[in-house]
Amino acid sequence: MKAVRWHARDDVRVDDVPVPMPGHGEVVLRIEGAAICGTDVDEVRAGPVTVPVRPHPVSGRSAPITLGHEMVGVVASVGSGSTLAVGDRVAPWPSRPCGRCRDCLTGHENRCPDTVALGMSADGGMADFLVVDGARCVRIGTGVALERAVLVEPYAVALHALRRVDVAGRRVAVVGTGSLGLCVVEAVARAGASEVVAVDRSSDALEPASGAGATASMTPDGAPAIDADIAIEAAGADAAVAVAIAAARRGGTVVVLGGHVRPTAVDLLDVTVREIVLQGCVSHAFTDFAAAARAIDAGELAAVERPVEVAPLRDGPALLRTGGGHAKRILVPEAA
Ligand SMILES: [Zn+2]
Ligand SMILES: [Zn+2]
């Protein structure tokens, strides 16, 4: 089978690898599509960030690794002990936390320091097939279009953020309205924020924000006037953190949701003087992932027409080397 594998800095290519076999409790998915996330592009262009170059302490894996953690597939074969059946359409949870550490035991498995992440420290979904833990798959109805089905993972990130901050009745700014940011806008609006102000440099990116539930939208120069109770940075760009801080009111909270692979300079005097609370927020727990799948199955994220680019798996390396525009790019295996 074909797999898009990261070998080393800027060396990403389509390799021929054996189709995996399911072990006890596992299933093999025939991948329907795997979306390219900003973290995949960071890995290829600025990595290694998350792909281990020496054997990972838990998975034992090191590069080359198949990328992709936002995927949907259909069960093609089932190992002993799994309750899934051939033909089930599922999204696999891309995390394998240790289950034993303080964070895992208190429902914060997204923070587990020993987690194995599919597409990072174990093989991910940019391939024809992927072997996964059947118990950590969530079902997706066949009526959900591929471009929404691959949003279970980013929507889970957005829903998790709402377990870190309570947005009900609050004025919320969302900085960055790419694919993740639009998920955050919708989650925040549905959670009862009194106002949702979308902020992005690009008017194209801001366009779909009102459909997702934004009550206003503006470019970053307008940020200081927002006076947000909560500002959520969902862009992963250095400048967006400063914009989120500027958008927060005195005593407000800034949630850093975007991935920042390098240290970012922030004006700490401003943070101190205005008593801003900086809240980190990473990934999601399995409950967030299952909730995201149920929500998408029930029609959430359907109101927004998202820019999408669907490409064959063989185009993966070229697409990963470029940052891309605002479209969510989805790699699909070619018919065998
Ligand atoms: Zn991602
Ligand atoms: Zn753990």
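I am working with a predicted model, in which local features need pLDDT of at least 70, side-chain atom pairs count only at pLDDT 80 or more, and totals for chains, interfaces and linings use all residues. Residues are numbered from 1 along each chain as its sequence is written, chains are lettered from A and ligands numbered from 1 in the order written, and side-chain values use heavy atoms, without hydrogens and water.

**Zinc site.** I looked up the donors (N, O and S atoms within 2.8 Å of the metal, or 3.2 Å for Na, K and Ca). The SG atoms of Cys98, Cys101, Cys104 and Cys112 coordinate the zinc ion (ligand 2) at 2.3 to 2.4 Å.

**Domains.** I took the bounds from the domain assignment, which gives domain 1 (2–151 + 301–332) and domain 2 (158–280). Their C-alpha centres lie 27 Å apart.

**Interface.** I find 15 residues of domain 1 in contact with 16 residues of domain 2, contact being heavy atoms within 4.5 Å. The two domains bury about 1200 Å² between them, 57% of it on carbon and sulfur atoms; this is accessible area (1.4 Å probe) lost on putting the parts together, summed over both. Leu301, Val304 and His326 supply 39% of the area that domain 1 buries against domain 2, more than any other three residues.

Technical notes. Domains from an automatic or database assignment.
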